[in-house]
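Dear colleague,

I am passing on the structure we spoke about, and below it you will find a short account of what came out of looking through it. Please read it alongside the coordinates.

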Amino acid sequence: MIERTIFIENAEQLITLKGLSGKPATFEKMSSLSVIESGAILIENGIIVDVGTTEDLRHKYSSKIEEAECIDASGKIVLPGFVDPHTHIVYKGSRENEFNMRLNGATYMEIMNAGGGIHSTTSKTREATEEELFTESMNRLNKFLLHGVTTIEAKSGYGMDWDTEYKQLKVAKRLNEEHPIDVVSTFMGAHAVPKEYKEKPDVYVELVINEMLPKVAAEKLAEFNDVFCERGVFTPEQTRLILEAGKKYGLIAKIHADEIEPYEGAELAAEVGAISADHLLKASENGIKAMAEKGVVGVLLPGTAFFLMTEAANGRKMIDLGLPVAISTDCNPGSSPTVSTHLIMNLACLHMGLTPAEVITAATINAAHAINRANEVGSLEVGKKADILIANVPNYMQLQYHFGMNHTDTVIKAGEIVVQGGVRC
């Protein structure tokens with residue numbers, strides 16, 4: 001932690017999300033932002049010391065504030081740094097040609113079955129050096145930071161052979177060590193069935209279970225284990241086998257569920273005790289209810305549906321059914337090539353039915369719950385890591401009202417100012 005005292009004062013709104021760290025917010029609690037007008041926050045050595053009104057904290061800590069670095073947030077809002085709980089940021093290349101194909105009528109699965117999609121990125125990522133992957137991914141993280149993201153999940157899955165999966169996971173680990181953003185790793189060897197195993201997918205499932213998972217666990221390369229459960233990719237039965245095997249090695253289950261068609265992915269997430277199920281565009285009502293009962297976080301990916309020009313997941317219905325909802329960019333080269341949490345929040349309001357308050361909860365504390373970090377980040381509370389975003393708007397509703405814009409003014413990561421005036425320090 002950096003040895004430094006920072007005092008942020010005069011925030012038009014200080015959005016704390018207090019009291020939501022114990023379990024993910026549901027129902028009306030997703031609108032419980034715990035806003036302090038004329039708010040202030042005192043930071044010492046990377047940790048939040050106190051939160052309150054500017055008047056109260058100035059009176060309480062007058063001597064400390066005299067020695068502190070003061071940031072005047074007049075006319076701005078202060079909120080937790082964004083948490084992105086679902087990304088595929090470690091990869092090589094881009095797929096703008098597929099964007100053009102979709103505009104001419106090709107579907108996501110048609111492109112993938114023709115050798116594009118995930119397989120296209122896999123080929124490029126297999127050929128890339130570790131240094132090339134690191135450089136590209138570092139550039140993406142820099143852009144995320146400029147958009148106020150302070151914690152991010154990163155999946156492997158563009159290798160689907162051990163050497164490349166290992167390379168991706170090593171890059172993610174190095175990014176976590178060298179970049180201000182905290183990078184949380186997920187193993188996703190089961191992102192697709194590699195071309196060489198197309199006619200024998202069960203053999204590949206055995207390879208993931210018997211060879212890859214033990215190596216991931218042995219070197220502590222990932223915290224989570226994710227599977228793309230979808231017709232034409234991995235069946236619910238195959239998905240269960242991989243996730244249960246991962247749990248034996250201490251890896252927490254996640255699922256890409258019900259994205260293209262209903263496939264009982266949401267139900268399976270509840271059965272295996274997954275921490276999250278992501279996508280959920282076609283999830284059944286019974287599946288959503290089962291997830292809600294088990295406390296599984298539903299991670300919605302508005303940018304993916306938008307970019308693929310498909311109907312978005314019904315976030316409004318999910319919240320009304322009691323599901324704790326988080327949102328993410330799903331940053332990846334094929335279906336959501338964006339780093340803008342601001343845009344994702346806009347789309348969650350406009351296409352998924354969430355309110356401005358709910359999307360803030362979904363992008364902060366609930367997103368932190370989806371990657372097992374809610375005890376550290378996602379809210380502005382005493383004792384938590386000082387991961388803070390100062391946005392250049394006078395109230396939180398304007399984050400969504402002025403859509404498609406990056407409102408980031410200042411980003412503080414673990415008590416260090418890393419973006420100021422919208423520019424990387």
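UniProt annotations may be inferred rather than shown by experiment, and the model itself is predicted, which calls for some care with what follows.

The UniProt record, an unreviewed entry, places the feature "binding site" at R95, Y158, H191, E259 and S335. The lining of the largest cavity includes R95, Y158, H191, E259 and S335. Two of these positions can be described further. Y158 is found in the loop that runs between β7 (149-155) and α7 (162-178), and because its relative accessible area is 1%, Y158 is buried. S335 belongs to the loop between β13 (325-327) and α14 (341-352), and counts as buried too, at 5% relative accessibility. Leaving aside residues up to four places away in sequence, S335 touches Y108, G303, T304, F307, L308 and D330.

As for the sheet, 8 strands form an open arrangement with parallel pairing, in the order β6-β7-β8-β9-β10-β11-β12-β13. β6 (82-84) and β13 stand at the edges with a single partner strand each, so one side of each is left without a neighbour in the sheet. From one strand to the next, the twist averages 25 degrees. β6 and β7 pair in the parallel sense over 3 bridges, and the bridge partner of V83 in β7 is T151.

Helix α14 packs on this sheet, where it touches β6, β7, β12 (297-300) and β13, and its direction makes about 80 degrees with that of β6.

With best wishes

How values were computed. Residues are numbered from 1 along each chain as its sequence is written. This is a predicted model: local features need pLDDT of at least 70, side-chain atom pairs count only at pLDDT 80 or more; totals for chains, interfaces and linings use all residues. Side-chain values use heavy atoms; hydrogens and water are left out. On a 1 Å grid over the protein atoms alone, a cavity is a set of points where a 1.4 Å probe fits but cannot get out, and a pocket is an open set with protein on both sides within 12 Å along at least five of seven lines; lining residues have an atom within 4 Å of a point. Helices (H or I, at least four residues) and strands (E, at least two) are DSSP runs, numbered from the N terminus. Buried means under 20% relative accessible area, exposed over 50%, partly exposed in between (1.4 Å probe, protein chains only). Contact means heavy atoms within 4.5 Å. Two strands pair if DSSP finds at least two bridges between them. Axes are lines fitted to C-alpha atoms, for helices over the stretch in contact, and angles run from 0 to 180 degrees between N-to-C directions.
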